[in-house]
Amino acid sequence: MSRKCKLTGKGPLVGFNISHAHNKTKRRQYPNLQLKRIYVPELGRTVRIKMSVSALRTVTKIGLMPFLKKQGLRLQDVL
């Protein structure tokens, strides 16, 4: 599975570790992804989605289906 949020599309960022001597080594910063089961009252069932924690906070506030509608996605796109 890729390290990408299914809802927001957040993925890894690339940067450098910089030492005191200013040596640069490549590094990756990964998003905080969690595999969550979310209950969808419109369907009457739960779905498992790999999502970032920032997306989880928004889904908890407004619900999964309104969030998908706001992002222009369908439920089949994120499953």
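Predicted model: local features only at pLDDT ≥ 70, side-chain atom pairs only at ≥ 80, totals over all residues.
Residues are numbered from 1 along each chain as its sequence is written, and side-chain values use heavy atoms, with hydrogens and water left out.

View 1. Helices (H or I, at least four residues) and strands (E, at least two) are DSSP runs, numbered from the N terminus. Starting at the N terminus, the order is β-β-β-β-α-α-α. The radius of gyration is 16 Å, well over the 12 Å that the globule rule gives for 79 residues, so the chain is more spread out than a compact globule. (That radius is taken over C-alpha atoms, and the rule is 2.2 Å times the number of residues to the power 0.38.) Along the principal axes, the C-alpha atoms fill a box of roughly 60 × 25 × 20 Å. Buried residues account for 23% of the 79; buried means under 20% relative accessible area, exposed over 50%, and partly exposed in between (1.4 Å probe, protein chains only).

**View 2. Helix α1 (residues 53–62) meets helix α2 (residues 64–71).** Their axes come within 7 Å and cross at roughly 115°. Axes here are lines fitted to C-alpha atoms, for helices over the stretch in contact, and angles run from 0 to 180 degrees between N-to-C directions. Ala55, Thr58, Val59 and Ile62 make the contact from α1, with Leu64, Pro66 and Phe67 on the α2 side; contact means heavy atoms within 4.5 Å. Sorted by class, that gives 6 nonpolar residues, 1 polar and no charged ones. The classes: Ala, Val, Leu, Ile, Met, Phe, Trp, Tyr, Cys and Pro are nonpolar, Asp, Glu, Lys and Arg are charged, and the others, Gly among them, are polar.

**View 3. The two sides of α2, with Leu64, Phe67 and Leu68 buried.** These three cover an arc of only 100° around the axis, which puts them on the same side of α2. The arc is that of the directions from the helix axis to the C-beta atoms. Over on the other side, Lys69 and Lys70 are exposed. Just after the helix, glycine 72 takes a positive phi of about 75°.

**View 4. Leucine 75, a residue of helix α3.** Leucine 75 is buried, at 8% relative accessible area. Skipping residues up to four places away in sequence, leucine 75 touches Leu43, Val47, Leu64 and Leu68. Leucine 7 sits 68 residues away along the chain, yet its C-alpha atom is 9.8 Å from that of leucine 75.

**View 5. Serine 52, in strand β4.** Its relative accessible area is 2%, so serine 52 is buried. Beyond residues up to four places away in sequence, serine 52 touches Cys5, Thr8, Lys10, Asn32 and Leu33.

**View 6. Leucine 35, in strand β3.** Leucine 35 counts as partly exposed, with 47% relative accessibility. Neighbours within four places in sequence aside, leucine 35 is in contact with Arg48, Ile49 and Lys50. Between the C-alpha atoms of leucine 35 and serine 54, 19 residues apart along the chain, there are 13 Å.
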